[in-house]
Amino acid sequence: MKAVFINCISCIFLLSEFTIIKCGLGCRKKTHFHCYNCAITIINRQQVLKHLESHNTAEAPPVTPVAPPVRHVTPVAPPERHVAPLVTPVATPVTPVAPPVTPVAPPVTPVAPPERHVAPLVTPVATPVTPVAPPVTPVAHPVTPVAPPVTPEAPPVTPEAPPVTPVAPPVTPEAPPVTPVATPVMPVATPVTPVAPPVTPVAPPERHVAPLVTPVTPAVRQVPPVRQTSKVTCSHCNLQLNRKNYKTHIRRKHVDSFEVVSKERHLACQCIDPKNGVFAVEKSFHGPATPIHVIKKTWGPTQKIVCELNQCQLNAEFAVRSRILPFECHHLRSLSYCPRSESKVPVLSEESLVEMVQNKWFGEERKASLIQRQKEADAEAKYHISVYEPKVSYYSRLQRTIIAYDSKKNSWHCPCAKPKQSCEHPAIGKWHLFETKRYLFRRLKSTDSEGTLPPQLTSEQDGSQREEGNYPPRDKGVERMLKYIAANKKLPAEIPQALIQQSRDAHVLNGYPRHLIPKETRCMECDCMLSDPVLITSKGRILSANSVIEGISTYRRVCLNCSMVYRYKEWEDGVHNFDDHLILSLHLCLSLRNAIQTHTAVSRLLDTFEATEKMSFPNKDRVLQAYLHFEALTDHEYMYACISCGYNPSVIVMDLHKKGVFNMPVSDIESPPDNYDGHVDIEQFWDAVTREMLSRGLIPCQKNPFVVAPSYHHWAPWIGPQTRCSAHVLNTEFEKLHTPKLLSTEADDQLITEERLVDKVLNLKVEEVRALCKACGLDNKGSKTDLVVQLQQKMSNRVTYNKVFQKVWGASGGLAVITCPCGVVYSVKFNLRAESPRDYVDMLLSWKHFPNISVYDYARGLAVHANRRQPDTFEPFQGRLLEPTVENIKQASDGKLKVHMPWLKNPKVPEDKNGHPLTGSSEHYALCDVFYQSNSQDPSDVLRKIGLVPELVGQINSQCVEQLFSGMRKNNYFLNMTSPSNHIFLQRNILHHHNVARNQKTKEEFCKIVPANTEMQLDSHGKMMVPPPQPVLCTMSSSRSNNSEELQTSTDDSELDDFTSLQKITASRACWGQELLDIQTQQLEDIIDKNRSPTEHIAYVNNLVLSRSDFWSIGLGSEVNGMVTIQNTMF
């Protein structure tokens, strides 16, 4: 009510005696004002004031013409008939003025000689001197007492003019009342008749009466001036606005609010299937009106409420974790205002389909399939057409998919469309539109052709040279500097926004320091004094996005005891020092980061700056090295985990980015040492890569001893710190070099290389396949299939194999990644050789918890290889969903088989031994990607289809990795030209920022369904949630003893949470004698169970995390008996 009252007050203003209120009824679409003089309605307040003022000015003319009637006073003066009635009213108001005018009667005779001046005093009483006329009437009574004051007669006459003016208003509406004013002279003198004649000749002086009357009329109708509004400045965004609009601005722009769904504001929706409760709803309040499907069926035995948007489903899971049970997305809430479904639904007739076949829009086969599909479901839509799809997939989670028709471009879009392959959904849409909107069917030719040429890259030599001397130090001195810089000069992952703005505007305000001196004054190792600043160069340059500032001096300090060298690395000044000659502003560093995230090379961005600002940057490669130096010093966590799926997801998707390669001669890779067991220290390897990035600011690349070269024994993937089991991870790529005699089960795995290579060749364009055949010395004529068969036959030749491999995979083996269904990357491996299931098994075996579902395009090879390396990895049924019997294979091929996995939604109770922490199940399956299910030649692989698991169908998008790679392919033009160390460092950094952006977007969606300023945190599994409210405890005296205390919880159902909350338990001896509830006893037994994982997180208080091993360290019951006395004394 307060908000409504404030809004009402802001819509009210006063005008004269009127109170004008804004109308919100249905007179107009927007709120408006009504004019009280006419029927017009106006929205703007200022326009209302102008409109009402126009009414006032329009009413003024009837008042101003009062002056002309006064000119007609002379002809109206003779009719004295009206004099009598007007004498009495005039006499009453003039009674107080009568005493000073009474002496007029006696002195009439003496004043006669100067009648030229007196006449205006007496005769004007008849007409011109209206002020004197009223006082004459009372003269008859008080003449004698007031006779002496004759002399002050003239002065009192003039001040009497104002009292007469009020008489004018009653005169103005009627012209005759002017003449009666003259007749009051008649009762003064006995001869009335002689006084009348002088009235007519004195009429001309009445010209002076008009100005006395006319100024009175506008004063009555004067409109008060409009009050000028004052300006205020918003404290949040520094916007200057009117004071009256300040509260509305704060409420709309700076107050968090939920997405309100009401009768006036909701998403347009329409019932698609009244029987099953399927609705089509607009996707969002803003943007194109793209519909989506939701199901809200609250009747019948099978009730279901679900939205097909993945983000809405994630929000629903987050709400359940946070105990926000009545949550519904705005799509479901909008269904409350859905119009009634039409009883008559348009039906597609077979006659129109026959006509389309005759017009050669379709063939007979397609006609038969469409008629069969019509029997399964009725398709109905407009330009966005909802089509029934019997198979549940990521594009038809509710057994319906929406296809779009663009009438302007005459194009169709279907979410299930595969490259160079059509589907039936657009055909059904054409069938519908042909019957309902035949005018849309026109034969159009598209002549659009687009071609873009990549801009040419140029480089510019930088003339700056390093000054001679013993700086930078050599060997161990450089290593000491690098260790100190890496440990003490880290930049925060989130740079303050104020510092970024300062760095951006410093070139205008001369805010950059001209002398860069290290702030250390004492050695951090030996605590000795440092030397005075020593000049390194006075020709340094600071680069920003819009300027190049030259003449920067950089200095160093040296420890007088241990010779430790300190250089300037103070990021608080808004700059980043690369090599003492080249300094980047922090704003430029962030611009380069964002450019790379949007698939723009550093050189292209610098070319844009040069062309815009008309300036010249140093060598582009040096700027790239400076940016890598900046990223190496930034304190990134590289968590590589999803806040929706947790640290260890139960479902993963794996694939290879085959074009993400770097140039590297395979023959230059040395063989691993004999004692190498396949384990690599992941932290040591990536620290070495980071050290190489930092060393380039001190040592030229040609002489850099810190360069990390590719090798089989010192080359590690990256796995998040919470996901991997330890710092030692597997990398067994060296096993690809050896070809020992294989067993029958191993041979199938080894053949995967050529088989997968042929599959990849099939995905190439015809021109590329022809060029590849020509390079291999084969005939390049014929169809694509014939060319691939020729290559496959020649694949046994190692030379041909290498050429094909070089064409398909590039120089290195590509980029292997493992993601969750949300598209967040968990693990990445930079292959040195061709892809193999070995690469993914290496990463999975390095995980803390093996996932239950692994989706891979060659699932059979993955399961065989993993079970060979570690038996029973993929079990049961070798990673298949069921036993590969003839009956199961037949039912799965016919689509009649379903395998339910309820533990994917609700964890198993009790959980299996060594079960996954999220599902409680110890089953592990290797399933096929939906686009590669038909590539396998093994009939039993039909039992690896994702579509057989209802809990996975529609909930997992197996193409999330391909979607990730589609963006990363745009980086190949500059990443594939970098060195191996630059390539892997930059790729890991790009994927990290990709994960951060994904998680930030998910968190923003979560924030929309919880109140503003609600704190969220990660639970023990790494999933985002709203922490439960802390219970309130009351401390009461105990009846057991005088000195003991007892904790008693408030009346709440969660007694267990109150008692076990570490923030509520105080140090008291009464805690040892507290009687536990049954559920508390059960929980305590679970906590101290020796058979469970010691690293499992048990309790959280702020940043403190207690694991099961921490509770074991307190001591079990058998161990505490002898320590009770000691422990009691501690409390």
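Here is a short walk from a helix to a core and then to a loop.

This is a predicted model, where local features need pLDDT of at least 70, side-chain atom pairs count only at pLDDT 80 or more, and totals for chains, interfaces and linings use all residues. Numbering runs from 1 along each chain as its sequence is written, and side-chain values use heavy atoms, with hydrogens and water left out.

Start by selecting residues 620–633, helix H25 (helices are DSSP runs of H or I, at least four residues, numbered from the N terminus). Of its 14 residues, 13 are buried, so H25 is largely enclosed by the rest of the structure; buried means under 20% relative accessible area, exposed over 50%, partly exposed in between (1.4 Å probe, protein chains only).

Next, pick Tyr-840, Ile-853 and Leu-952, the residues with the most contacts inside the largest nonpolar core, which has 157 residues. H25 gives the most to this core, with 8 residues. Such a core is a set of buried Ala, Val, Leu, Ile, Met, Phe, Trp, Tyr and Cys residues joined through side-chain atoms within 4.5 Å.

A cis peptide bond joins Glu-875 to Pro-876, with omega about 5 degrees. Click Asp-872 in that loop: its phi is positive, near 60 degrees, though it isn't glycine, and it is exposed at 57% relative accessible area.

Notes. Helix = DSSP H or I, 4+ residues; strand = E, 2+ residues; numbered from the N terminus. Expected span 1.5 Å × (residues − 1).
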